[in-house]
Amino acid sequence: MINNFFFLAAFLFVPFHDFHVTHTTFHYNNESKSMEITIKVALEDLEKSIKDIYSEKIDGFLDTQENKNIEKLIIEYFRNNLIFSVDKNKQEYHWVGKESSNNLHDIYLYFEIPNYDKNENIESIIIKNTLFFDLYNNQTNIALIELIDSKYNLTFTIDNDIQTIFMNNKSR
Amino acid sequence: MIFNCKKINFTILILLTTSLLMGQENLNKSKFKQLHQELPTPNVYRTASGAPGHEYYQQKADYIIDVELDEKNNILSGNETITYTNNSPDILNYLWVQLDQNVRAKNSHSQLTSTSRMTKKMRFGSIRRMHDKMNFDGGFKLEEVTDMYGKKLQYIVNETMMRIELPKPLIKEQTFSFKIKYYYNINDRMKIGGRSGYEYFEEDDNSIYTIAQFFPRMAVYNEVEGWQNKQFLGRGEFSLPFGDYKVSITVPADHIVAATGELKNTSSVLEKKQIKRLEIAKRNYTDPVIIVNQNEAVENEKTKSESKKTWIFEAKNVRDFGWASSRKFIWDAMAVDISGKRVMAYSYYPKEGNPLWEQYSTRVVAHSLKVYSKYTIDYIYPQATSVHAKWIGMEYPMISFNFGRPEKDGTYSKRTKYGMIGVIIHEVGHNFFPMIINSDERQWTWMDEGLNTFVQYLAEQEFERNYPSRRGPPANIIEYMKGEKSGIVPIMTNSESVLQFGNNAYGKPATALNILRETIMGRELFDYAFKTYSQRWAFKHPTPADFFRTMEDASAVDLDWFWRGWFYTNDHVDISLDEVNWYQINTGNPDIENPIAKENEKNQNTYIGDTKNEISIPKTVTEYDEDAIDFYTTFDPYNISILDREDYSDYIKNLDDSEKQILNSDKNYYELQFSNIGGLVMPIILEFIYVDGTRKTIRIPAEIWKKNSNSVKKVFILEKELSKVILDPFLETADTDRNNNYWPTKNEPTRFQLFKQKEKNSENQMQRTRKVEERLQNDK
């Protein structure tokens, strides 16, 4: 079988002592009934990804004033590469904000699924996480899902980018 | 019959397996069990104290190398003489030589074993890189391998390793010299990456060459691994013996060369004014002196010399050699005082590195040498060099290649600045680990990266208060340690199999050492032990056991549990404060205790039926019929009789003074219950906050878990009543879940919630400011 693939104009560089891991937490807030999403990524990787795909210069965008255009690109990138589905229904999430880590290396991005349907009859949660797989072969993405009485810890790699949690199997 | 027989065998087998399993369950699984099974048996080469033994030996490899850079074709050709000395008691029949460049050879194992895949959307860059890698004709091209008389030696190349047959066996204290003539194509770092190679600058048609692994190098032979000839796959770095080097580097005459060691033919390669400036720099201990300034470098890069110059460097007792060459180099230097001895700090960078490099590089080199010398051993090499190299940070003896490039308009982000300072500290720091304290990188990445990252953290904090360090503080490792266990391997894992390299080999060991220093051993004991390890193993080849043992040997702190937990498992820290129970002494004095007991009974919850009956039954029989009353109807158990008082005074009489004191002390007894959810045993650090608002810190060593590592109780006798208890109040144990660290229970807000709160607050702040402005206008 021959697969078609597209070229995306891009620069690619792999610095030597850089190791590629992202951390995402899905935390269900029982008070606000919303799913709070916190994503930690290396600022450098995010810049590279946005720059490569959209030919946008976003270097140092944290230091400058809000830039709605760049924010839009970031939101689009995450909506395309981090997909959270409940019983195969893709959940839309809203932009909350971003902030730099204290060590300047990472950026935290905040999204939210308001009115998250916490139906008892939910059978499965499916997460597809392809953050930066287009940049690095050795990318590892870690996701922690914190529901009211259960926690799930998932690892995504280029060979394993979709994971399903079956809700009747409440193991930690 | 046959059938029966089988059946019996099967039963026996089951019996055997079950008893085996049961046997395993009954083994000592204490988290405080000593590491006798994990660590190698001490011997005459390596002692149980962690010091080198009386028969310790190491091999020596001396090099005389002549190389020439062909700038037009990006080819490096070389001629080397290796003199190998066998100091081992063993007889060697062959030698193993490392051909690291072969990692870039077509169809190398490194390329074959790295996984790759196609996706529907591929970036141009990814495809181009795959093409570039595939098309690059890398690897050493060996032309001649001969003895000193030109006689060919038999050899075989197995990927990145070459076995040379010795004409006759090499016995103890014998030396064998041989020559290798070779060349290789230098890789374009921007296209296919690499620890070394060149970066091409299109604007002025020049390159910066950062050259390393450029000559066939001797492998290490010792009593730990035999020949360390594990193939170079790209991640597990290097394992190299010490030796003396004389390297002659021939480059275009207008290049400036930086290298390991000392320049020996200054007058024939440097201009007079440069030599003069260098002399001034040697006396300047406060700030860098420019040897080649930016104007001169810019002028220099405009033309290309057709003639050549040979730079000769010598280095004593180093394990490797690296160099850099370009006509783009600006060069500055300053002197550093290390315990009264002068060491030179050098930086080489193109105009593209400024203004950052001129201001910081050499200063940071000097700072790193001072801090590392304080915590390990005095830096004894004559110089330390930082060379500007986009995207990478890579270390060699006395020379390192470091990133940090400002924007073209000369501005730079905060991240670029601190990234550059951090990488220079780190790579200069590698002079100590592993260049001097020469651990086996091919086997254990953490031994150099982890230890180095730890001292890097100390150096960063001494560079600027609250320096934004990436690795070191326990809080920074939590995200990694609480991750899914299949994505985490113990620190004690071979370099090539490590998952999450940065966290595993850099972050976690650096944090572990920081925790030892701040929480478990204390600074004084830790610093002495860490320095002892550095002194014992400087210019030698340490193993993990030598480090583990020395840290204990020099401090009298049993750390086996710590090494076992933090280095041999992927457990994490999550200690939970489950319960706080408050007790006060029953004095036995009826005049005190009876009213209390009565009050307690009154305060107990009442059954609903009883409450209703109070109203619905106006009078019971005993209430309206006096004849129904007897002794028990009116008896009050809390009434105090003369006999009760007599009993009490008899009881008091039998107590001695100290017992009486306890009885009347009016203390509060708090029983705290902890459980260990994460698996790692750690000290329990508590902050007591009393009802009057005062605070007290309690530090309990990890050995509280020695008999039960799952759950423990501890009683505290306190003068005052408690209002709050906080577990790990100073964020020092990397506890991954802090929601179970409080009494009364308190959930720490998540980062998300904090951010949202902050957003709200900042809006209020704006509204507030606006209100202030409006008020001011109205007042006018």
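Me: A helix here is a DSSP run of H or I with at least four residues, and a strand is a run of E with at least two. With that in hand, how many helices and strands does chain A have?

Reply: In this predicted model, chain A has 2 helices and 11 strands. Read from the N terminus, its elements run β-β-β-α-α-β-β-β-β-β-β-β-β. Of the 172 residues in chain A, 59% are buried. Taking contacts in chain A between residues at least 6 apart in sequence, 59% join residues at least 24 apart.

Me: What makes B:Glu80 count as buried or exposed?

Reply: The cut-off for buried is under 20% relative accessible area. B:Glu80 has 0%, so it is buried. This residue is found in strand E2 (residues 75-85) of chain B. Leaving out residues up to four places away in sequence, B:Glu80 touches B:Tyr63, B:Ile64, B:Ile65, B:Phe178, B:Lys179, B:Ile180, B:Tyr182, B:Phe215 and B:Pro216. From B:Glu80 to B:Tyr583 there are 503 residues in sequence and 80 Å in space, C-alpha to C-alpha.

Me: Which residues have the most contacts inside the largest nonpolar core?

Reply: They are B:Phe214, B:Trp323, B:Phe547, B:Phe562 and B:Trp566, in a core of 189 residues. Helix H8 (residues 356-375) of chain B gives the most to this core, 10 residues. Another core, of 41 residues, lies apart from it and includes A:Met35, A:Phe132, A:Ile145 and A:Ile165. As background, nonpolar side chains in soluble globular proteins tend to be buried together.

Me: With which residues is B:Phe547 in contact, leaving aside its neighbours within four places in sequence?

Reply: B:Phe547 is in contact with B:Trp446, B:Met447, B:Leu451, B:Leu513, B:Phe530, B:Tyr533 and B:Trp563. The crossing of H15(B) past H16(B) is right-handed. On the H15(B) side the contact is made by B:Phe547, B:Phe548, B:Met551 and B:Glu552, and on the H16(B) side by B:Asp560, B:Trp563, B:Phe567 and B:Tyr568. By class, that contact has 6 nonpolar, no polar and 2 charged residues.

Me: Why is H9(B) called oblique to H11(B)?

Reply: The axes of helix H9 (residues 414-429) and helix H11 (residues 446-463) of chain B cross at roughly 130° and come within 9 Å. Roughly perpendicular covers 65 to 115 degrees and roughly antiparallel starts over 145, so an angle between those ranges is oblique. H9(B) is therefore oblique to H11(B). The crossing is right-handed.

Me: Which residues of H9(B) and H11(B) meet there?

Reply: B:Ile421, B:Gly422, B:Ile425, B:His426 and B:Gly429 of H9(B) meet B:Glu449, B:Asn452, B:Thr453, B:Gln456, B:Ala459, B:Glu460 and B:Phe463 of H11(B). They divide into 4 nonpolar, 6 polar and 2 charged. H11(B) also meets H8(B), with axes that come within 9 Å and cross at roughly 115°. That contact has 9 nonpolar, 3 polar and 2 charged residues.

Me: What makes the backbone at A:Lys88 and B:Gln500 worth a look?

Reply: Most residues other than glycine have a negative phi. A:Lys88 is not a glycine, yet it has a positive phi of about 70°. B:Gln500 is not a glycine either, and its phi is positive at about 50°. A:Lys88 sits in the loop between strands E4 (82-86) and E5 (89-90) of chain A, and B:Gln500 in the loop between helices H12 (478-481) and H13 (501-520) of chain B.

Me: How do you know which of those is buried and which is exposed?

Reply: Exposed means over 50% relative accessible area, and buried means under 20%. A:Lys88 has 71%, so it is exposed. B:Gln500 has 8%, so it is buried.

Terms used:
Residues are numbered from 1 along each chain as its sequence is written. Chains are lettered from A and ligands numbered from 1 in the order in which they are written. Side-chain values use heavy atoms; hydrogens and water are left out. A nonpolar core is a set of buried Ala, Val, Leu, Ile, Met, Phe, Trp, Tyr and Cys residues joined through side-chain atoms within 4.5 Å. Buried means under 20% relative accessible area, exposed over 50%, partly exposed in between (1.4 Å probe, protein chains only). Contact means heavy atoms within 4.5 Å. Axes are lines fitted to C-alpha atoms, for helices over the stretch in contact, and angles run from 0 to 180 degrees between N-to-C directions. Angles under 35 degrees count as roughly parallel, over 145 as roughly antiparallel, 65 to 115 as roughly perpendicular and the rest as oblique. A crossing is left-handed if the near helix is turned anticlockwise from the far one by less than a right angle, and right-handed if clockwise. Ala, Val, Leu, Ile, Met, Phe, Trp, Tyr, Cys and Pro count as nonpolar, Asp, Glu, Lys and Arg as charged, and the others, Gly among them, as polar.
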